[in-house]
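Visitor: I would like to learn how to read a protein model. Could you take me through one, feature by feature?

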Amino acid sequence: MSHTNGNGSTRRLTINKDAQAMIDAARREGIETVWDRLDAQQPQCGYCALGLSCRNCAMGPCRIDPFGEGPLKGVCGADADVIVARNLGRTIAAGSSSHSDHGRDILETFAAMSRGDTAGYEIADEAKLLRLAGEVGVPTEGRDAQEVAKALADVLLDDYGTRRGTLSFIDRVPAERRALWARLGITPRGIDRENVEMLHRTHMGVDNDYVNTLLHGLRTGLSDGWGGSMIATELSDVMFGTPKPVMSEVNLGVLRVDQVNIAMHGHNPMLSDVIVAAAEDPELVEFARSLGATGINVVGLCCTGNEMLMRRGVPMAGNHLMQELILITGALEAMVVDYQCIMPSIVDVAKCYHTQIISTSDKAKFTGATHVSFDAEHGTEIAHRIVRMAVEAYSDRNHERVRIPDTPVRMMGGFSVEAILGALGGTPKPLVDAIAAGTIRGAVAVVGCNNPKLPQDLEHIELSRRLIENDVLVLVTGCAAVANGKAGHMVPEAAAMAGPGLRSVCEALGIPPVLHMGSCVDNSRVITLAAALADALGVDIDKLPLAGAAPEWYSEKAVAIGSYVVASGITTVLGVQPAIFGSPHVVDLLAGGLDDVVGAKFVVEPDPAEAALWIRRHIEGKRRDLGLPWVEVVSGPAEPAPGSAPVGAGAGV
Ligand code: SF4
Ligand code: MSK
């Protein structure tokens, strides 16, 4: 994709004032950011962008000429279809493995906690523990919570291997869909198994049938969504609490000029939860005071931030593209990281300030950072040590360089499936009724990252805004949630921005029209909710008026999420082109043929206005097929006024 972002106006890079101010400051001070490096990479490799390059063996690297003038096969004979499918398969496996290994870390901590081998962890939601145990067949009668947890951990640990041949939470999937997966041979059998098998299949000379490879890609994704990610979400709820609606604040304005500021960045709540607790320790607060600060302020970034916001209302500093910019405030004493989505460049930016970059996971070290190896056995002690390091760094702060832009925006988080059903009176029926009546036309999960190839957050908020204006409920996770928070879409008062039907429902329940369901592993909440809605209506998931969207995705995890969402029956719109366009056959399958196979497909649409129209048509089509009142969505005016009737309302049959 060609662009000239690096030297352009900051308004073309991001729609957020806090980010614009920090990019301007970085440019004044000669500090390199992600946008400069994207510029330096131009032009990016066209073969790779099309998925047509392969370096899977030492006979290569190879590339296929998309114009048919150069080589049409790699040295081994692999053609464009095989190479594109193999590359996509490996991308899905990388994303799925990332979520699932995060889930494994949570599970191992949960298992250690059940044995009494941890410090700082306990069962925060016993009712959920018992519910999960009952769901997977662990006896609970006459056993104490620790015993139940130990038995549950044993069952879930088996999900990672090959012995069981199925996943514990698979019964959440509507029976019709499970039967479909069985017919297609894509029922996930084990989390590690599917990922390892994908690496095997994509070795030179194994799976040389692109359809076969891509079907396994769906199975690999499913092992993430209904396996690794679901385990991460569910056990995090048991240990740290199941989220319920909570108010918080978002953007760089959440930093405090007079406090020790600590940003938690990454994904795993295992670390952030004990850090938040340590930052409240009176001894450490007193230490901060002794150095002239008025307290200790923990804020979140990216998905660790989402985890903390969802459960504790911890303020959110920003999403993916804010990780360098938060350092440029000069107000951050420490950025504490675990893994995923953490740019190596933060170490270089931090060198321009007093900020300590503290890495904590032995599987994610950063040259130039201070590494404090984290383990759950000594969780509390290590968290105290890290917070102490942050407080000590306050003495080195140059107060003249502190610039905290903007004031924070209020946002509400905490919409777990339990919280949503709780708000509805304990059953999905009121939501089903509202959808059936047409008060709410349908629901869309807007998820995923930021990508510097697009103006930061523009696609997220434009798409979400156009959907809620037209009575489509929006569910958000990950960086999309943070974007919507910054835009003011996630407070109950934002109901005024919604169409009349959605507005009336939100006002009656006191909820925003855009619901924060959590971090990227918490997309498992979205599919759990979809399955509950399908069961309530007595249909398969693909019949529901639902869609997914990843308008600004960048990561391999997003590709894994898209794969399991589509394989679960929810069509997904991508705002960034995936590296598949070198094979028209692969494109035809993913953007067309898949619909006949799993009842859902991928759509690529970078324009949020067009994406919103496409999704609304898709939703109305699903409504029509269900025999529900539907409307013809016509292009009409590009900017429907907030609160107006849906474009095309009244048309159709
Ligand atoms: Fe080339 Fe085939 Fe080796 Fe890939 S697997 S690098 S296409 S020879
Ligand atoms: S943090 S995967 S940039 S959503 Fe989960 Fe954000 Fe995407 Fe990372």
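Guide: Start with the cavities: the count comes to seven of 30 Å³ or more. This is a predicted model, where local features need pLDDT of at least 70, side-chain atom pairs count only at pLDDT 80 or more, and totals for chains, interfaces and linings use all residues. Residues are numbered from 1 along each chain as its sequence is written, chains are lettered from A and ligands numbered from 1 in the order in which they are written, and side-chain values use heavy atoms, with hydrogens and water left out.

Visitor: How is empty space found, and what counts as a cavity or a pocket?

Guide: Rolling a probe the size of a water molecule over the atoms shows where empty space is left. On a 1 Å grid over the protein atoms alone, a cavity is a set of points where a 1.4 Å probe fits but cannot get out. A pocket is an open set with protein on both sides within 12 Å along at least five of seven lines. Lining residues have an atom within 4 Å of a point. Points are joined across faces, edges and corners, and a volume is the space filled by probe spheres set on the points.

Visitor: Which residues lie nearest the centre of the largest cavity?

Guide: They are A445, V526, A547, G548 and I570, out of 27 lining residues. The space in this cavity is about 230 Å³. Its lining divides into 23 nonpolar, four polar and no charged residues. Here Ala, Val, Leu, Ile, Met, Phe, Trp, Tyr, Cys and Pro count as nonpolar, Asp, Glu, Lys and Arg as charged, and the others, Gly among them, as polar. The largest share, six residues, comes from α20. Helices (H or I, at least four residues) and strands (E, at least two) are DSSP runs, numbered from the N terminus.

Visitor: What volume does the largest pocket have?

Guide: About 1500 Å³. The largest pocket is lined by 46 residues, and C48, A49, K453, Q577 and A579 lie nearest its centre. Its lining has 27 nonpolar, 13 polar and six charged residues. Helix α3 gives the largest share, five residues.

Visitor: In what order do the strands of the six-stranded sheet stand?

Guide: Strands pair if DSSP finds at least two bridges between them. The order in this open sheet is β13-β12-β11-β14-β15-β16, with parallel pairing. β13 (514-518) and β16 (602-604) stand at the edges with a single partner strand each, so one side of each has no neighbour in the sheet. Inside the sheet, four bridges join β11 (442-446) to β14 (546-550). There A443 stands opposite L546.

Visitor: Which residues come nearest to the ligands?

Guide: A residue is near a molecule if one of its heavy atoms lies within 4 Å of it. Ligand 1 has 13 residues around it, with C54, C57, C62, C76 and R86 nearest. Ligand 2 is surrounded by 13 residues, and the closest are H267, C341, C449, C479 and C520. The shell of ligand 2 has seven nonpolar, five polar and one charged residue.

Visitor: Where are the cis peptide bonds?

Guide: One runs from Q42 to P43, with omega near -10°. P43 sits in the loop between α2 and α3. Another joins G60 and P61, with omega about 5°. P61 is in the loop between β1 and β2.
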